[in-house]
Amino acid sequence: MHPSLNIAIRAARSAGKIILRFSDRVDQLKVETKSRNDFVSDVDRAAEAAIVQELRGRFPSHAILAEESGEQAGKSDFQWIIDPLDGTTNYLHGFPQFAVSIALLHKGQLECGVVYDPLREELFTAARGQGAQLNDRKIRVANRQSLDGALIGTGFPFRDQRHIDAYLGMFKAMTLATAGLRRPGSASLDLAYVAAGRTDGFWELGLSPWDCAAGALLIKEAGGTVTDLAGGERFLDTGNLVAGNLRVHRAMLDLIQPCLNDQLKA
């Protein structure tokens with residue numbers, strides 16, 4: 001196993017314990033609004049602190065980019081990208097779809113990733129060149145050959161709604177071309193499900209790096225494709241992402257392209 005992956009797994013499990021500890025008393029948590037429809041709780045902060053402590057103890061020179069505490073410079077070319085609780089809104093409502101997401105970037109290249117669902121005790125892991133696993137079992141993207149009969153995941157642009165009209169165009173086109181769409185509300189788990197073949201593809205606009213870094217590596221190591229809306233590699237920069245196996249991904253891009261406005265084409 002990739003040496004950094006072991007530490008990431010340990011950090012994810014530590015955060016998961018904190019998340020579960022408070023899951024039946026979320027009404028007692030202090031919750032703040034970071035921006036429209038974007039919330040942070042004491043659990044987010046405590047889980048993130050546990051992850052950072054674990055990573056810092058083993059890799060003190062690595063940089064960190066975390067959702068709640070922001071960017072912490074390091075003295076090496078490695079950077080950890082952390083979402084301590086992806087799906088905070090779900091968590092605060094008692095909706096059982098949320099996860100811990102941790103990825104390691106080295107000189108712009110994803111090296112390892114963990115997406116951990118503490119409720120279901122499902123641990124999705126990947127290391128570059130070593131494949132992807134779910135609880136130590138190898139996983140692969142689905143083998144679907146087209147969008148006909150496909151089940152596609154998505155996420156509504158709930159924070160930044162400048163592109164809502166373009167997104168709704170994509171949503172309509174995808175609805176008409178597939179067996180159905182799903183929007184559970186945790187992008188890291190959505191991507192992990194593509195990697196595991198539970199859904200055939202996924203797209204979303206306006207993601208942050210911590211939402212999608214680990215999940216993107218899972219899909220790539222499970223034999224899938226992840227790109228931005230132009231079919232390039234800039235999804236961590238743009239926040240706009242399309243994923244699936246090679247044929248489904250191509251078909252999704254073809255449906256999405258006519259819906260793009262000038263800003264999304266840039």
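In this predicted model, helix α5 (residues 187-195) packs against helix α6 (residues 209-221) at an angle of about 5°, and their axes lie 8 Å apart. Angles under 35 degrees count as roughly parallel, so α5 is roughly parallel to α6. On the α5 side, the residues in contact are Ala 187, Ser 188, Leu 191, Ala 192, Val 194 and Ala 195. They meet Asp 211, Cys 212, Gly 215, Ala 216, Leu 218 and Ile 219 of α6. By class, this contact has nine nonpolar residues, two polar and one charged.

Another pair is formed by helix α1 (residues 3-21) and helix α2 (residues 42-58), whose axes come within 9 Å and cross at roughly 155°. Angles over 145 degrees count as roughly antiparallel, and α1 is therefore roughly antiparallel to α2. The crossing of α1 with α2 is right-handed. From α1, the contact takes in Ile 7, Arg 10, Ala 11, Ser 14, Ala 15, Ile 18 and Ile 19. From α2 come Val 43, Ala 46, Ala 47, Ala 50, Ile 51, Glu 54, Leu 55 and Arg 58. Eleven residues of the contact between α1 and α2 are nonpolar, one is polar and three are charged.

The next pair joins helix α4 (residues 164-177) to helix α8 (residues 246-256), with an angle of about 135° and axes 9 Å apart. That angle makes α4 oblique to α8. The two helices, α4 and α8, cross in a right-handed sense. Here Met 170, Ala 173, Met 174 and Ala 177 of α4 touch Met 252, Leu 255 and Ile 256 of α8. The contact of α4 with α8 has seven nonpolar residues, with no polar and no charged ones.

Rolling a probe the size of a water molecule over the atoms shows where empty space is left. The second largest pocket holds about 340 Å³ of space. It is lined by 21 residues, and those closest to its centre are His 163, Gly 206, Thr 238, Asn 240 and Leu 264. Which helix gives the largest share of the lining of the second largest pocket? Helix α9 (residues 262-265) does, with three residues. Sorted by class, the lining of this pocket has nine nonpolar residues, five polar and seven charged.

Notes. Residues are numbered from 1 along each chain as its sequence is written. This is a predicted model: local features need pLDDT of at least 70, side-chain atom pairs count only at pLDDT 80 or more; totals for chains, interfaces and linings use all residues. Side-chain values use heavy atoms; hydrogens and water are left out. On a 1 Å grid over the protein atoms alone, a cavity is a set of points where a 1.4 Å probe fits but cannot get out, and a pocket is an open set with protein on both sides within 12 Å along at least five of seven lines; lining residues have an atom within 4 Å of a point. Grid points are joined across faces, edges and corners, and a volume is the space filled by probe spheres set on the points. Helices (H or I, at least four residues) and strands (E, at least two) are DSSP runs, numbered from the N terminus. Ala, Val, Leu, Ile, Met, Phe, Trp, Tyr, Cys and Pro count as nonpolar, Asp, Glu, Lys and Arg as charged, and the others, Gly among them, as polar. Axes are lines fitted to C-alpha atoms, for helices over the stretch in contact, and angles run from 0 to 180 degrees between N-to-C directions. Angles under 35 degrees count as roughly parallel, over 145 as roughly antiparallel, 65 to 115 as roughly perpendicular and the rest as oblique. A crossing is left-handed if the near helix is turned anticlockwise from the far one by less than a right angle, and right-handed if clockwise. Contact means heavy atoms within 4.5 Å.
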